[in-house]
There are 2 protein chains.
Amino acid sequence: MALLVMKFGGTSVADLERIRNAAVKVKREVARGHRVIVIVSAMSGETNKLVGLVGDAASGAEAEAPGFYDAREYDAVVASGELVTSGLMAIVLQEMGIQARSWQGWQVPVNTTSAHGAARIESIPRENLDRKFGEGMEVAVIAGFQGVAPDGRVTTLGRGGSDTTAVAFAAALEAERCDIYTDVDGIYTTDPRITAKARKLDKIAFEEMLELASLGAKVLQTRSVELAMRNKVRLQVLSSFSDEPGTLVCDEDEIMETNVVTGIACSRDEAKLTLISVADRPGVAAAIFGPLAEAGVIVDMIVQNISEEGRTDMTFSCPVGDVAKAERALEAAKARGEFNYRELDKDTDVAKVSIVGVGMRSHAGVAQKMFKNLADDGVNIKVITTSEIKVSVLVDRKYMELTVQSLHDAFELDRAP
Amino acid sequence: MALLVMKFGGTSVADLERIRNAAVKVKREVARGHRVIVIVSAMSGETNKLVGLVGDAASGAEAEAPGFYDAREYDAVVASGELVTSGLMAIVLQEMGIQARSWQGWQVPVNTTSAHGAARIESIPRENLDRKFGEGMEVAVIAGFQGVAPDGRVTTLGRGGSDTTAVAFAAALEAERCDIYTDVDGIYTTDPRITAKARKLDKIAFEEMLELASLGAKVLQTRSVELAMRNKVRLQVLSSFSDEPGTLVCDEDEIMETNVVTGIACSRDEAKLTLISVADRPGVAAAIFGPLAEAGVIVDMIVQNISEEGRTDMTFSCPVGDVAKAERALEAAKARGEFNYRELDKDTDVAKVSIVGVGMRSHAGVAQKMFKNLADDGVNIKVITTSEIKVSVLVDRKYMELTVQSLHDAFELDRAP
């Protein structure tokens with residue numbers, strides 16, 4: 001009897017009507033002869049509400065370090081939202097005549113590290129679930145996003161962690177497929193709000209999805225895609241609100257035909273910072289990016305110009321929201337004499353556009369085609385980085401939509417491969 | 001180092017300001033050198049909200065028996081409210097510099113029966129808590145109202161169950177005292193809304209509190225008082241919103257001076273039903289009250305008149321809300337030929353007034369004094385029942401306040417003993 005994992009996110013269980021709607025999908029799979037593991041998030045908005053309460057609790061008048069609090073207690077509070085939806089889903093399924101029960105993280109147990117607030121799943125012993133399936137249970141409803149640390153405290157997996165819960169269960173119980181029900185109906189060649197020509201993909205390779213997820217296509221939590229790739233768990237992203245098939249995220253080998261470029265991602269809120277005339281010596285990059293990492297600045301692209309007369313320019317990109325932090329960290333390090341630069345040039349009006357596709361591995365000239373296309377449109381490229389299956393460029397923000405639309409046409413992404 | 005249990009009800013943890021207010025009281029006890037076990041309820045309104053969600057989940061379009069649902073799932077959902085408040089309380093205490101941590105029912109563990117929705121605590125092993133206290137923990141914040149069944153499912157103890165949690169911890173860890181913080185400042189000789197002469201009691205015996213609790217003084221859950229009495233746990237009822245001492249509920253032996261009557265309870269929504277001319281034969285009482293119990297009618301007082309010529313009148317009282325149910329059950333049983341009666345007389349306009357006091361044991365004439373007092377006021381007594389420390393009468397509802405005020409004066413309850 002094949003086993004299926006079905007994950008419903010916060011918008012898919014936002015109220016009882018939606019929980020019933022999700023349960024109908026579960027019932028359909030049970031009727032097809034599947035055993036089903038359902039993973040549920042908290043009702044949308046609920047986790048934010050709980051996080052807010054914890055923040056308020058920790059910023060009392062007597063607080064010495066406002067905003068700092070015991071992550072174990074954060075987890076104990078924030079994990080409660082999924083307990084509500086898992087119990088409600090079990091009741092709704094039972095009302096439909098299905099043998100279902102809820103499982104809290106510690107009951108399975110979902111064993112995690114003790115990194116509270118961002119724990120990693122270490123193991124999911126399958127004995128308890130298997131025994132219950134053996135006794136006639138048709139559906140196990142699992143509270144997502146949570147687990148239990150070695151010392152028995154409740155942990156959470158970080159925001160979006162229910163996707164990871166779903167993939168981990170699919171891996172541990174060797175599920176046929178892991179269906180991620182969400183509020184979009186699949187993965188698109190690019191953001192449909194930018195071009196109406198964006199096309200829903202039938203299939204996408206894990207590696208491509210990883211690049212797209214980390215580039216700002218927020219459909220799946222990056223870690224869940226990594227975990228699926230490592231364990232060869234076939235993931236399907238589909239809509240809770242329709243009956244259309246979604247997009248299958250799977251091994252490259254399972255995809256027969258593919259375009260050279262599979263998708264185009266873009267990210268609006270980028271900034272480019274350049275340290276002008278840095279003394280170029282071994283270790284200077286470490287000296288610069290060490291303090292930035294300590295300050296929590298998320299550095300993305302890095303470019304170092306050719307050194308002239310022992311001096312160079314160092315350019316990097318980061319989220320716009322991190323610019324002030326970055327500036328303070330760099331000036332403090334300069335004041336401590338850790339490195340020197342003449343001035344700091346800031347450009348907070350840039351966006352990143354990336355083309356992604358496993359087909360690039362076997363096709364030369366893809367980057368060249370991209371650069372030529374931008375040149376033809378009169379778009380100046382500020383920074384370039386590449387990986388085996390991706391080319392990213394930083395451009396003036398006002399050109400972002402134009403660039404995406406133009407590349408979408410150039411690589412013919414509106415046509416199925 | 002003495003150990004204290006402090007329980008805060010839903011109104012005492014209704015928001016973060018109140019949680020901080022409660023934490024200040026905890027901090028004060030820690031400063032006095034106590035180890036403290038804090039028991040918290042869910043924020044007021046939260047449990048009702050969760051119960052409502054479960055009810056709605058179970059009344060789906062496909063539900064075969066609306067309102068019927070898996071009590072294990074009910075418990076899983078409804079117990080989540082206390083997880084939130086226990087985590088928040090721990091954070092607030094930590095912000096005040098106190099070593100505190102939250103404990104969920106299953107973490108302690110609070111072992112209960114598997115009677116979901118109304119489970120009983122079977123044991124609270126003290127090893128885990130003792131070890132943490134040994135490691136320097138000053139305050140254990142326990143999620144009230146919940147425990148874990150032998151099969152590892154979450155259980156709840158029934159409404160008001162956090163009082164029982166508090167007393168059970170006080171008993172298991174041999175606490176010096178169990179303080180129940182609530183929205184009233186103690187136990188009064190009678191309802192202060194009925195007479196301004198009502199006086200707060202310094203002390204009250206367990207037995208008296210039990211009679212008052214079951215008679216409608218809703219300050220403490222009856223079961224928690226029973227448990228305290230059995231384990232000789234000294235209970236103090238006091239206000240979260242003041243620093244005044246409350247009322248100590250304790251062993252009779254600890255109370256040196258007492259009035260003959262300690263308190264007067266009253267209950268407004270009573271009904272009196274009389275089956276007129278019932279064939280009097282052995283087993284007729286069982287034949288009548290069996291169907292009533294099956295129908296869920298809460299029968300309180302029962303009076304059987306003297307039998308004449310093999311026929312008798314049978315009178316009983318029940319809540320007004322149960323009258324229709326009682327009538328249907330009796331008529332159905334009559335139709336089945338289980339017993340016979342000429343007519344059913346209903347009086348839905350009655351109230352119950354009770355005087356309670358352990359002093360009655362050693363004083364004769366207390367009931368007589370009560371009856372005479374009512375007679376002097378022209379109040380007709382419809383039904384009388386007595387126990388060793390209580391006399392209850394049913395009177396026309398319009399006389400309830402008058403009767404309470406008059407008895408309060410007659411037994412001089414406004415004066416301290």
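Q: How many helices and strands does chain A have?
A: Chain A has twelve helices and 18 strands. Here helices (H or I, at least four residues) and strands (E, at least two) are DSSP runs, numbered from the N terminus. Keep in mind that this is a predicted model, where local features need pLDDT of at least 70, side-chain atom pairs count only at pLDDT 80 or more, and totals for chains, interfaces and linings use all residues. Residues are numbered from 1 along each chain as its sequence is written, while chains are lettered from A and ligands numbered from 1 in the order in which they are written.

Q: What radius of gyration does chain A have, and what would a compact globule have?
A: The radius is taken over C-alpha atoms, and the globule rule is 2.2 Å times the number of residues to the power 0.38. For 417 residues that rule gives a value near 22 Å, and chain A has 24 Å, so the two agree. Along the principal axes, the C-alpha atoms of chain A fill a box of roughly 75 × 60 × 35 Å.

Q: Which domains does chain A have?
A: The assignment gives domain 1 (3–183) and domain 2 (264–410); such bounds come from an automatic or database domain assignment. Taken over C-alpha atoms, the centres of domain 1 and domain 2 of chain A are 38 Å apart.

Q: What makes chains A and B partners in contact?
A: Two residues are in contact if their C-beta atoms, placed from the backbone, lie within 7 Å. By that test, 32 residues of chain B are in contact with 32 residues of chain A. On chain B, α1 (16–31), α2 (46–58), α3 (71–78) and α4 (80–95) each supply at least two residues of the side that touches chain A, and α4(B) gives the most, with ten residues.

Q: Why do we say that the copies meet through the same surface?
A: Because 100% of the interface residues of chain B are also interface residues in chain A.

Q: What makes this the relation of a two-fold axis?
A: Copies are superposed by least squares on the C-alpha atoms of residues with pLDDT of at least 70 in both. A rotation of 180° with 0.1 Å of shift along its axis puts chain B on chain A, with an RMSD of 0.1 Å. That is the two-fold relation. In chain B, the C-alpha nearest the axis belongs to B:S80, 2.8 Å away from it.

Q: Why is A:E174 called exposed?
A: A residue is buried if 20 or more other C-beta atoms lie within 10 Å of its own, exposed if 12 or fewer, and partly exposed in between, with C-beta atoms placed from the backbone. A:E174 has 11 others within 10 Å, so exposed is the word. A:E174 sits in the loop between α6 (161–172) and β9 (177–182) of chain A, and has a positive phi of about 50° although not a glycine.

Q: What kind of peptide bond joins A:V108 and A:P109?
A: A cis one, with omega about -10°. A:P109 lies in the loop between β3 (100–103) and β4 (111–112) of chain A. The bond from B:V108 to B:P109 is cis too, with omega near -10°. Most peptide bonds are trans.
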